[in-house]
Amino acid sequence: MTRTPMTRTPTTPTPSAPPAPRATSGALVPVLAFVGIVVSVMQTLLIPVLKDLPHLLGAEPDDASWVITSTLLAGSVATPIMGRLGDLHGKRRMLVLGLGAMVGGALVSALTSDLYVMIAGRTLQGLAMSAVPLGLGLMRDLLPREKLGMAMALVSSSMGIGSSLALPAAALVAQHLDWHALFYGSAGLGVLCIALTLLVVPESSARVPGTFDVLGAIGLSAGLVLFLLPVSKGGAWGWTSGATLGLFAAAAVVLVLWGVMELRLETPLVNLRTTARPAALFTNLASIMVGASFLVVSLVLPQLLQMPTSTGHGFGQSMVVAGLCMVPLGLTMLLTAPLYARLSAALSPKAALILGMMVIALGYGAGLGLLSAPWQSLVITAILGVGIGLAYSALPALIADAAPASEAGSANALNTLMRSIGSSVAGAVIATVLAGTAHQVNGVTVPTLHGFRVSFLVATGAMAIGLLAAVFLPRPRPPGRPRHRAGGEKHA
């Protein structure tokens, strides 16, 4: 495959005009939202059995944690690659391919208790994490503009909805059935998703000419792995250890070289010139912070709810009850999509994003004084669900205005990747905070209430940074003004 360095300012070739929206079934949006929910379940599938994984797999705790880490790394790497392949060869095709990998990975995991085979299966499951950005790209190609706002809001929120609603269901299965049933169940849901996608979702006719940037994919994959690996394992390895610092340094070198190479290619994996525009840049920065905020509540409240009452601040609840207490987070995110559509129409997606992040900050601020009874977690999750739902709903609309239609798949994939990076970094920061503030209770090291409150302050700080990024977003485009020329440049 030949790559030609460009001596002029490169632009990604695009079709002469985006295809007109096609008539679609009314089930298109529910099916794509359901697919997003099912795929997001893979992220929380093993949380109920997390502490038992070393025993179940006959492995050391550090080795068993790769069952979680492998899915994270595979999803992060696959998301931008599948998004670009969708732009080139068809978004529905890539969606079905990712779901097929998820089903295969679930069956592999269901049939084994060997650590290395399980890691391979979980890696395959991670390939389906590109489903949400591919679904957003499909809707942008297929739906008329007047139906696009709420549809994209619902599908964008499906990642958070699935992650929170899956916790009690997975906990029930883990308590009453063999833990392998979790994988059989996810395989069955994956098969259902494939069938519904083939029956209901038409393929988009939108294509971008060009070739797939293999070297760019390899470079980005290497850079992401080198960055996310020490983020996820730094707590165990030590943040100042040679392995952690060395991998961070290697990630920086690889990603810089990758960026230089991408800027010189005519058809890059990621159009860095588009992503450097203020509309895309500040939206992606805000996405990192919103992703971080979602992860904090998902880490803190289940731990607090399940901690023994002998600690003085734990609530002693079962993992099923802890999961049920997280349900308002997903339900309010689901119910926020119609509210977002009205806010966006009356104001703008930027205003909805800012309002959502303000509500998130309010939820975490209120949570500082609402950690003394189990029922208070319902209040916290309900408030945060509204804020996260508004923010998640606004992000795809902002990306749609920032990127040309021909780059819809890769642009949404990059935005989803930013959310995942935010979640990964937040997970590492919160783990460090809780470990650093832990104390001994009856010979066991447990997180303190102070540590949980500091974690909420970290999330509030992330929202302050996100709000700052959102303020710098360009003013909303006037109604009726064309979005982009075919080459990705805006009309004058």
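Trainee: In which helix does D87 lie?

Mentor: D87 lies in helix α4, residues 66-89. Keep in mind that this is a predicted model.

Trainee: Why is D87 called buried?

Mentor: Its relative accessible area is 1%. Buried means under 20%, so D87 is buried.

Trainee: What is D87 in contact with, leaving aside its neighbours within four places in sequence?

Mentor: D87 is in contact with A206, R207 and V208, and also with S406, E407, A408, G409 and S410. To count as a contact, heavy atoms have to be within 4.5 Å.

Trainee: Let's move on to D141. Where is it, and is D141 buried or exposed?

Mentor: D141 has its place in helix α7. In space, D141 and S205 are 8.0 Å apart, C-alpha to C-alpha, although 64 residues separate them in sequence.

Trainee: What makes α7 largely enclosed by the rest of the structure?

Mentor: Of the 12 residues of α7, 12 are buried, so the helix is largely enclosed. Those buried residues include P133, L136, R140 and D141. Among the elements that cover them are α1 (28-44), α4, α5 (91-110), α8 (145-176), α17 and α18.

Trainee: How do you know that the span of α7 agrees with what a helix should give?

Mentor: At 1.5 Å a residue, the 12 residues of α7 should span 16 Å, and the end C-alpha atoms are 16 Å apart, so the two agree.

Trainee: What makes α18 mostly covered?

Mentor: The count of buried residues: 22 of the 29 in α18.

Trainee: How do α7 and α18 meet?

Mentor: Their axes come within 8 Å and cross at roughly 145°, and α7 passes α18 in a right-handed crossing. The contact is made by P133, L136, G137 and R140 of α7 with A408, G409, N412, A413 and T416 of α18. By class, that contact has four nonpolar, four polar and one charged residues.

Trainee: Why is α10 called roughly parallel to α18?

Mentor: The axes of α10 (residues 214-237) and α18 come within 9 Å and cross at roughly 30°. Angles under 35 degrees count as roughly parallel, so α10 is roughly parallel to α18. L224, F227, L228 and V231 of α10 make the contact with L417, I421, S424, V425 and A428 of α18. The residues of this contact divide into eight nonpolar, one polar and no charged.

Trainee: And why is α16 called roughly antiparallel to α17?

Mentor: Helix α16 (residues 349-367) and helix α17 (residues 374-402) have axes that come within 8 Å and cross at roughly 155°. Angles over 145 degrees count as roughly antiparallel, so that is how α16 is placed relative to α17. The crossing of α16 past α17 is left-handed.

Trainee: Which residues make that contact, and how do they divide by class?

Mentor: From α16 they include L353, G356, I360 and Y364, and from α17 they include I383, G387, A391 and L398. The residues of the contact divide into 18 nonpolar, four polar and one charged.

Conventions:
Residues numbered from 1 in each chain as written. Predicted model: local features only at pLDDT ≥ 70, side-chain atom pairs only at ≥ 80, totals over all residues. Heavy atoms only, no water. Axes fitted to C-alpha atoms, helices over the stretch in contact; angles between N-to-C directions. Helix = DSSP H or I, 4+ residues; strand = E, 2+ residues; numbered from the N terminus. Parallel < 35°, antiparallel > 145°, perpendicular 65-115°, else oblique. Left-handed = near helix turned anticlockwise from the far one by under 90°. Nonpolar A, V, L, I, M, F, W, Y, C, P; charged D, E, K, R; others polar. Buried < 20%, exposed > 50% of the residue type's maximum accessible area, 1.4 Å probe, protein only. Expected span 1.5 Å × (residues − 1).
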